[in-house]
Amino acid sequence: MSTFATERTNLLGLPRPALETFVAQLGSRPFRARQLMNWIYKRGTGEFTEMTDLAKDFRARLAAQAEVRPPEIVRVQRSADGTVKWLLKADAAQAFEMVFIPEPDRGTLCISSQVGCALDCSFCATAQQGFNRNLSTAEIVGQVWLASAELAREAAGSAAAAGAEAAGERRVTNVVLMGMGEPLANFRNVVPALDILLDDFGCDLSRRRVTLSTSGLVPQIYKLAEVSNVALAVSLHAPDDALRNELVPINRKHPIGELLPACWHYLDEQNGRSVTFEYVMLDCVNDSPAQARALARLLKGHPAKVNLIPFNPFPGTRYTRSPAPVIQRFRDELLQRGVLATVRRTRGEDIDAACGQLAGRVIDRTTVRLGSKIIGVAVQP
Ligand code: SAH
């Protein structure tokens, strides 16, 4: 990367009002920002020379001071089921991941909000590597921009497209912040990114097709209600505080009794339909019929959906996945009590792209350990 590249303003990090200011500073009219966004997000180009409806001298000033720079791809892995995982470079030593999941009626991109994570949920692979840093707004939006560009390129190459058709939708129609990191712990960068994802002139996604998943940072859920209206998913994983303290340690600070009212408040403010509660199915830990009934008591009568996630094991974990009949029974207990529940289909298992497995691994790496806890992953030059 040249020195120039890092000094220029990365336009992928600017929501429309900030881009208008930037454009004005370059001596152009603010409405040019919309034209610029149209090129970047609708046409998928970051080459200013191609933006032929912009004045030549304005393009020259853009080229000198701005750039459209998505994260660099370190490695791509493709699953037999059509899922694609990209390992992306954060800096010389660190990497993060995004995953595209094609389905017949939608293409979901699962993006990261941080490199690593500080929350230390006991069943999560990302937690094992500890926290490294927040991703910037440009790195968050850049994932969506990059995946869209890569998928379009793939579709243009006929051989790849032929195989891809069978696997379903190959465009990004939905975005979930369910990759590495806790999005609400990176509030400052995530909120402008959401603005760009929803902006008609940006990625133009409807608010129901963008889902933010949180482990339950209660004050930030209230703050989010004031500034955004994306769909909310909450990682619940246990029906009582004693068990949730163990699985999702942030619960000690923000227990279930505070978390649920924050969720209902969010829906009231956003005129939202329901909150999705994620519940990872851990064998003999949180999967008994009695625990399903306790969960139903918590959620009954509220606009809630439960998404049961079969646990995805990773090296070193002490948990195993609940057997399929146990998951079905758990779901039935919820349904019988009037609580909507679905079981998430596991995708991309052959490439470690399934939920909770994103750990930013790279091929040649040195793992830096402090005691038994991995604190960082260094890429060898
Ligand atoms: N920090 C956010 C978003 C990232 S995790 C959050 O906690 O919601 C996205 C989802 O994957 C969460 O529901 C998380 O609990 C779940 N998950 C983490 N590890 C998992 C694993 N090994 N198997 C299945 N789901 C897992």
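The points that follow are grouped by topic.

This is a predicted model, in which local features need pLDDT of at least 70 and side-chain atom pairs count only at pLDDT 80 or more, while totals for chains, interfaces and linings use all residues. Residues are numbered from 1 along each chain as its sequence is written, and side-chain values use heavy atoms, with hydrogens and water left out.

**The shell around the ligand**

- The ligand is surrounded by 21 residues (each with a heavy atom within 4 Å of it), and the closest are Phe 123, Ser 213, Ser 235, His 237 and Asn 312.
- By class, this shell holds 10 nonpolar, nine polar and two charged residues, where Ala, Val, Leu, Ile, Met, Phe, Trp, Tyr, Cys and Pro count as nonpolar, Asp, Glu, Lys and Arg as charged, and the others, Gly among them, as polar.
- At least two shell residues come from each of strand 10 (210-214), strand 12 (275-281) and strand 13 (304-310), strands being DSSP runs of E with at least two residues, numbered from the N terminus.

**Atoms that meet the ligand**

- A nitrogen atom of the ligand lies 3.0 Å from a backbone N or O atom of Phe 123, and a ligand nitrogen is also 3.0 Å from a polar backbone atom of Gly 181.
- The side chain of Ser 213 has an N or O atom 2.6 Å from an oxygen atom of the ligand.

**Gln 291**

- Gln 291 lies in helix 12 (residues 289-299), a helix being a DSSP run of H or I with at least four residues.
- Gln 291 is buried, because its relative accessible area is 17% and buried means under 20% (1.4 Å probe, protein chains only).
- The side chain of Gln 291 reaches the backbone nitrogen of Ser 288 at 3.0 Å.

Terms used: Polar contact = N/O pair within 3.5 Å; in protein donor to acceptor, adjacent residues only side chain to side chain. Buried < 20%, exposed > 50% of the residue type's maximum accessible area, 1.4 Å probe, protein only.
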